[in-house]
Amino acid sequence: MSIRVGYFPHNNSLFVLRHRGILERALPDVEWVDLRALPKPEPVDVKSALPSQHSDWLFTDGGYDVIGTGFTPPITALGNGRDIVYIGISGPRIENGRLVTLADSGLETVADLRGKRVGIAHGSWQTTLLLFALERAGLGWADIEPVDTDIHDGAQLLRAGDLDAWVGAYPALAALESAVALRTLVDTETVFSHPSLWFTRRDFAEAHRPELEAIIAALQESDAWIAENPRAAAQYFVDDLVSRGGTADLDAWEAALRGRPFGLGPVTTEFLDEQQHAADLLATNGLLPRRIEVRDALLPWIADAVTGSRVVAG
């Protein structure tokens, strides 16, 4: 059988690996599945549920065997009873984005968001960032009006007055910063570590250990290349956007990649504690159907494989 790897631009590492031909040296029959080409599920109620397509496609014909996402999707998977295991995590992506409002909005703290419209790419790390920030301010999900926005549309909606605040990410956030004055309501660094992460089905990991080890090693090699060649890596994202009829700034993409950590590391106790905290909050606020134990998603040998294949740039 061929091994199917899911990718999309939001996971920078897998997106670049898709274009580098590195994994094909070990797995010539690998199939790359563009998440953007898969059927779109019906949207969920942003007030009471989480989208689950990233994990659903691990268990659906025509999907994939391995995926990389942001912080929230594996929690969603576990909440839906999916038997997944973590593969690894990146370093903290604390410079990737933050919760902002217009400087003249009159909003000065997260506590001022009660009853306000807050834009997020729902189901991503942005949901967790907002929930953590609300908790610190003594608020919950029911105290705001969450709005599910595309990662780019949020900036336009904020400028137009259709949002009161937005969890923005680079490079889209950079364009907004250059156009209007913003106030940061909460940064990422003071809230959580916000790594990229990769996960798979437990049955796949157990039945295809050599193939999973090859994927881990290829990610390590490709990530080391990105760290040394951020402008060349940025070109892949620019070319992709242009091919789809959009526009993109190479300098902005290079800056975004330079500000992100690359390299696959093993799952840590600190990361699992953050995941558990997020899972508990999501369940308490009615976004997760049941309480979970994130440590159920561990397979011990994977950490050894990740540590053994680590590549240091330079």
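Trainee: Why is F271 called buried?

Mentor: F271 has a relative accessible area of 2%, and buried means under 20% relative accessible area, exposed over 50% and partly exposed in between, with a 1.4 Å probe and protein chains only, so F271 counts as buried. This is a predicted model, in which local features need pLDDT of at least 70 and side-chain atom pairs count only at pLDDT 80 or more, while totals for chains, interfaces and linings use all residues. Residues are numbered from 1 along each chain as its sequence is written, and side-chain values use heavy atoms, with hydrogens and water left out.

Trainee: How do you know that Y86 is buried?

Mentor: Y86 has a relative accessible area of 2%, which means that Y86 too falls under the 20% limit and is buried.

Trainee: What makes Y7 and W32 an aromatic pair that is edge-to-face?

Mentor: The structure holds nine aromatic pairs. In one of them, Y7 and W32 lie 6.0 Å centre to centre with 85° between the planes. Rings of Phe, Tyr and Trp (its six-membered ring) pair if their centres lie within 6.5 Å, and planes under 30 degrees apart count as stacked, over 60 as edge-to-face and the rest as tilted, so Y7 and W32 form an edge-to-face pair. Both Y7 and W32 are buried.

Trainee: What makes Y86 and F271 an edge-to-face pair?

Mentor: Their rings are 5.5 Å apart centre to centre, with 85° between the planes, so the distance is within 6.5 Å and the angle is over 60 degrees, which makes the pair edge-to-face.
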